[in-house]
Amino acid sequence: MPELTAEVESLGLVIEIGGIPVRVNTTDPGFLDMLQARYSGFVTSSQRSEGGEEIAFDVDLTRTTFAAPDADVRVTRRLGRWTLERGDFLAEWEPASRTGRIRQTANPYSIDAVLRIVHTLVLARQGGFLAHSASAIRNGRAFLFAGVSGAGKTTISRLAPPDVTLLTDEISYVRKQGDGYIAYGTPFTGELAKLGENVSAPLAALYLLTQGPENRIDPVAPGEAARSLLANLLFFAEDEELVQSTFHSAFEFVRRVPVSRLTFVPDSRVWELIG
């Protein structure tokens, strides 16, 4: 008599950020519910996304903790396959087939990190990037606000008036389009713990934030602008080719997009200078 095997139902949803759909497949309904809540507004459970060719990951959930939970992230490429690892997950991704696998415990932080890394790898080849910056839309144009920790990304997001649409207070998503750039909303949150709106707009300016005694905008030289942008880019790969692409993208960006230093007093009047 043939041996009977239990069929395990595969569940999945698509998390679409920046117009790039990533399908996550799991057999755990609780993990799926967690993803639905964590990425609300960026999720579709439809069979196919409308945002283009999907990237697909199968998630293997483990109950055991990893041997080195505090280990740093490491991203390497060998024979066309990327290996993404940190103390709390191990993932592989093959760009040619657009498929991969993630091994992690049932928590939202590991999958969040994998998504960020994969998007940086995709964007690096397209002239775009993820950046440690807040971003918002006003009057149909998008603005980025970058700075070191404590410079005011969360503050300027919190002070935004009602006619401003917040894209993120932590991780901005920028894609190159023709001679310009488009900024997209992201679910990657900072201190506000509030998901950005899933919308996009042409990028008008990058502001380097500094808190001071007055509200003012000062131009920034291209060299300083490029260095400041590079200091705020998310990039994880140990790959010389993508490192060079990222440097080129930063210099190309500051050549095409105005970069200024925004000194501001932490009150809502600063938004009178923006947009």
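**Figure 1. Helices α4 and α5 lie oblique to each other in this predicted model.** Helix α4 covers residues 222–232 and helix α5 covers residues 240–256. Their axes come within 9 Å and cross at roughly 130°. An angle over 145 degrees would count as roughly antiparallel, and 65 to 115 as roughly perpendicular; the pair is therefore classed as oblique. The crossing of α4 past α5 is right-handed. On the α4 side, the contact is made by Pro222, Ala225, Ala226, Leu229 and Leu230. On the α5 side, the residues are Thr246, Phe247, Ala250, Phe251, Phe253 and Val254. In an α-helix there are 3.6 residues a turn, so residues three or four places apart point the same way.

**Figure 2. Helix α2 is largely enclosed by the rest of the structure.** This helix runs over residues 108–124, which is 17 residues. From the first C-alpha to the last, α2 reaches 25 Å, close to the 24 Å expected at 1.5 Å a residue. Of its 17 residues, 15 are buried, so the rest of the structure encloses most of the helix. Asn107 caps the N-terminal end of α2. In this cap, a side-chain oxygen of Asn107 lies 2.8 Å from the backbone nitrogen of Tyr109.

**Figure 3. Arg98 has a positive phi in the loop between β7 and β8.** Strand β7 spans 89–94 and strand β8 spans 99–104. The phi of Arg98 is about 60°, although this residue is not a glycine. The relative accessibility of Arg98 is 23%, so Arg98 counts as partly exposed.

**Figure 4. Asn139 has a positive phi in the loop between β9 and β10.** The strands on either side of this loop are β9 (129–138) and β10 (141–146). Asn139 is a residue other than glycine, and its phi is near 55°. Asn139 counts as exposed because its relative accessibility is 57%.

**Figure 5. Pro219 is an exposed residue in strand β15.** The strand consists of residues 216–219. Pro219 has a relative accessibility of 74%, and therefore counts as exposed. Leaving aside neighbours within four places in sequence, Pro219 is in contact with Val259 and Ser260. Pro202 and Pro219 are 17 residues apart in sequence. In space, the C-alpha atoms of Pro202 and Pro219 are 20 Å apart.

Methods: Residues numbered from 1 in each chain as written. Predicted model: local features only at pLDDT ≥ 70, side-chain atom pairs only at ≥ 80, totals over all residues. Heavy atoms only, no water. Helix = DSSP H or I, 4+ residues; strand = E, 2+ residues; numbered from the N terminus. Expected span 1.5 Å × (residues − 1). Buried < 20%, exposed > 50% of the residue type's maximum accessible area, 1.4 Å probe, protein only. Polar contact = N/O pair within 3.5 Å; in protein donor to acceptor, adjacent residues only side chain to side chain. Axes fitted to C-alpha atoms, helices over the stretch in contact; angles between N-to-C directions. Parallel < 35°, antiparallel > 145°, perpendicular 65-115°, else oblique. Left-handed = near helix turned anticlockwise from the far one by under 90°. Contact = heavy atoms within 4.5 Å.
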